[in-house]
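Biologist: I would like a close look at one annotated site and the elements around it. Please keep the account plain and give the cut-offs.

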Amino acid sequence: MAVDLLLGLQWGDEGKGKIVDVLTPKYDIIARFQGGPNAGHTLEFEGIKHVLHTIPSGIFRPNVVNVIGNGVVIDPIILKKEIDALAPFGINIKERLLISRKAHLILPTHRLLDQASELSKGKAKIGSTLKGIGPCYMDKTGRNGLRIGDIENKDFLSLYRNLTDKHLSMIGFYGVTLEYDLPALEKEFFEAIDLIKSLTFIDSEDFFYHAQKQGKKILAEGAQGSMLDIDFGTYPFVTSSNTTASGACTGLGIAPNQIKNVMGIFKAYTTRVGSGSFPTELFDEVGEKIGQIGREVGATTGRKRRCGWLDLVALRYAIHLSGVTQLMMMKADVLSGFETLKVCTAYRYKGEVIQHFPYGTETEEITPIYTELKGWNTDLSTLKNSHDLPKELLDYIRFIEKEVEVPITLVSVGADRTQTIVF
């Protein structure tokens, strides 16, 4: 059975958690393939809001297995907090959650290195979530990292101490003052390790191979967004992993020819957290209004998100990178009440009009070229059928489909799992 992918197509925060939760009943296995606790996947149902950072978003659905893949970096402390938060809901974590032995561990000193690195950059900081993600991936590529499978090693404590000592010696090179209580951090870390030992570890590439042979339906869940991809995003203001479709292959051990549907999620407008280029960013009251209505505050960082009009140049770029076969538009309800909407269809860049995403977005001036569309003034939150959507929203959808040449198959009209319209 082929594997379907679900990816964010902007700078993250597109609403992947909600859509994975909505789609999960169609699948047997939900698998996270990259990123770490810098993700904040928000789900709302039955009047309760849940935020997941590491655990796949299918965890609330019965009879579905959730896998944390080898491409994910895991902070045991944050994972323990997530598991503790799920306790009131009677979820059998040991049966419903599996962890790849090849997933890397975030140590307390990874977070300290992250803080020291960001402090040393001053105004040039990249906007790190300070979760230790970057330093952990650096150890991974530097072949120094510790993995989930190492917890089963009788020498784990010695391996931990050797890597921690190396990190502590590195902190001094940043030339900043960093206050921390390592014994307290380690106490919390090893308490979390004890909990993780009770979970189910798997050799995930073998698990997925046999699951496919058995005809299991698998959905791979991405974190962050395509424009934050380490190779193809707005570098250096990116994350430390591959957030595009290729990351699912390396992050789960699945062959490229096993991928079938690639579902891309985007907001009806655009947001970004932290530093980095954002061609369609709004600095006026319209941008403020979008942020207020959309409650645009980071689920992981608590930082206010920058807001702007929909950027089809960046969206088209992300679609091409991953071979997206269908689109899902989120937060259409947020744009209700705007008389006129703008959509960026091209850039003015170095004196030319271009329709592709260029290299120098961080250093060169980009002027977005907009097409104006009529807005709608309809409360979408109670609508259940695509035929009930206002004509102006349908025109907005058709315009996007024509520009990017990919169909929109789902529109979200509210935060709850029930506020979802399928075309």
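Leaving aside its neighbours within four places in sequence, which residues is D13 in contact with?

Modeller: This is a predicted model, in which local features need pLDDT of at least 70 and side-chain atom pairs count only at pLDDT 80 or more, while totals for chains, interfaces and linings use all residues. Residues are numbered from 1 along each chain as its sequence is written, and side-chain values use heavy atoms, with hydrogens and water left out.

D13 is in contact (heavy atoms within 4.5 Å) with K267, T271, V273 and R305, once its neighbours within four places in sequence are set aside. The residue sits in the loop between strand 1 (3-8) and helix 1 (16-23); helices (H or I, at least four residues) and strands (E, at least two) are DSSP runs, numbered from the N terminus. With a relative accessible area of 27%, D13 is partly exposed, where buried means under 20%, exposed over 50% and partly exposed in between (1.4 Å probe, protein chains only).

The unreviewed UniProt entry places a "binding site" feature at D13 and G40. UniProt positions follow the numbering used here, feature names are shortened, and annotations may be inferred rather than shown by experiment. G40 is in the loop between strand 2 (29-32) and strand 3 (41-45), and is partly exposed at 25% relative accessibility.

Two strands pair if DSSP finds at least two bridges between them.

Strand 1 runs parallel to strand 11 (residues 259-267), and 5 bridges join them. Within this pair, L5 has V262 of strand 11 as its bridge partner.
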